[in-house]
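Have the sequence and the structure open as you read.

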Amino acid sequence: MRNEDITLTAGDAEVTVVPGNGGRVSGLRVGGVELLRQGERYGSFPMVPWCGRVRDGRFRDGATVHQLPLNAPPHAIHGTARDAAWRTARTRTDEAVLTYDLTEPWPYPGRVTQQIALTADALTLTMSVETYESSFPAQIGWHPWFNRNLGGEDVRLDFAPAWQEERGEDHLPTGNRLDPKPGPWDDCFGMPGGVDVTLTWPGQLQLKVTSREEWVVIYDEQREAVCVEPQTGPPDGLNTLPRLVTPLEPLEASTTWTWTRL
């Protein structure tokens with residue numbers, strides 16, 4: 001199918017999906033109010049086959065060391081799929097399914113499938129990475145840019161992580177776990193019971209980001225937006241906490257954003 005922009009609707013919610021620009025959700029409107037920062041780099045993009053930074057762009061798989069392009073020098077960041085055109089496999093009024101075949105500079109063949117499903121009060125994003133050849137380490141995550149302000153008060157962020165990954169000067173976790181510190185953040189947190197973060201725009205809207213995964217990166221250092229990024233492992237996880245994709249076991253993850261009017 002052609003990679004034209006897709007519009008999903010359910011109730012008074014409307015989602016725009018842009019397969020040709022990284023398979024991203026470029027817009028989420030509830031009652032006509034846009035929740036995501038606009039622009040070709042923003043919206044919400046899938047992070048795959050890794051999340052966040054990979055130290056020096058290098059990761060080891062067994063005895064082999066692979067070098068990735070340094071798109072955030074001195075590191076590689078956020079995977080390859082956000083810069084690629086995805087294919088549209090299926091669309092309905094309230095659902096789209098996209099696919100992306102892993103290719104260079106990623107060293108292993110594989111296929112990523114992303115389902116985007118909308119209801120009147122929730123958006124669920126589900127992603128899987130499959131291979132029919134070599135096994136390889138991978139990660140899955142999402143990087144939404146929620147608007148800090150919807151026309152009233154700035155958003156408030158509420159969550160109760162079990163720990164915060166200590167961040168080194170190179171922006172990567174050192175391996176030490178800390179008691180959570182106050183923001184602003186560009187930090188990874190552990191939530192062993194699953195990601196559960198609430199964004200509240202007072203008097204307007206409350207939105208919960210949930211996932212069965214136990215890692216979330218919070219980035220709120222920009223004035224315009226707040227990012228809440230559920231993912232299957234911490235930054236540099238290809239090296240420190242690899243999740244293996246095998247011909248028998250794909251890597252799968254999902255996140256749901258549920259909203260209510262205030």
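T246 is buried, because its relative accessibility is 16% (buried means under 20% relative accessible area, exposed over 50%, partly exposed in between; 1.4 Å probe, protein chains only). This is a predicted model: local features need pLDDT of at least 70, side-chain atom pairs count only at pLDDT 80 or more, and totals for chains, interfaces and linings use all residues. Residues are numbered from 1 along each chain as its sequence is written, and side-chain values use heavy atoms, with hydrogens and water left out.

**Around T246**
- T246 sits in the loop between β24 (243–245) and β25 (251–261) (strands are DSSP E runs of at least two residues, numbered from the N terminus).
- Leaving aside residues up to four places away in sequence, T246 touches T131 and S135 (contact: heavy atoms within 4.5 Å).
- Its side chain reaches the backbone nitrogen of E249 at 2.9 Å.

**Salt bridges**
- The count is 17 salt bridges (a side-chain nitrogen of Lys or Arg within 4 Å of a carboxyl oxygen of Asp or Glu).
- E221 and R167 pair at 3.9 Å, N to O. They lie 54 residues apart, E221 in the loop between β22 (215–219) and β23 (225–231), R167 in strand β17.
- D196 bridges to K208, with the closest N and O atoms 3.0 Å apart. D196 is in strand β20 and K208 in strand β21.
- E213 and R243 form a salt bridge, the closest N and O atoms being 3.5 Å apart. E213 is buried at 13%, whereas R243 is partly exposed at 30%.
- Salt bridges with shared partners join E14, R29 and E34 into one network.

Conventions. Helix = DSSP H or I, 4+ residues; strand = E, 2+ residues; numbered from the N terminus. Polar contact = N/O pair within 3.5 Å; in protein donor to acceptor, adjacent residues only side chain to side chain.
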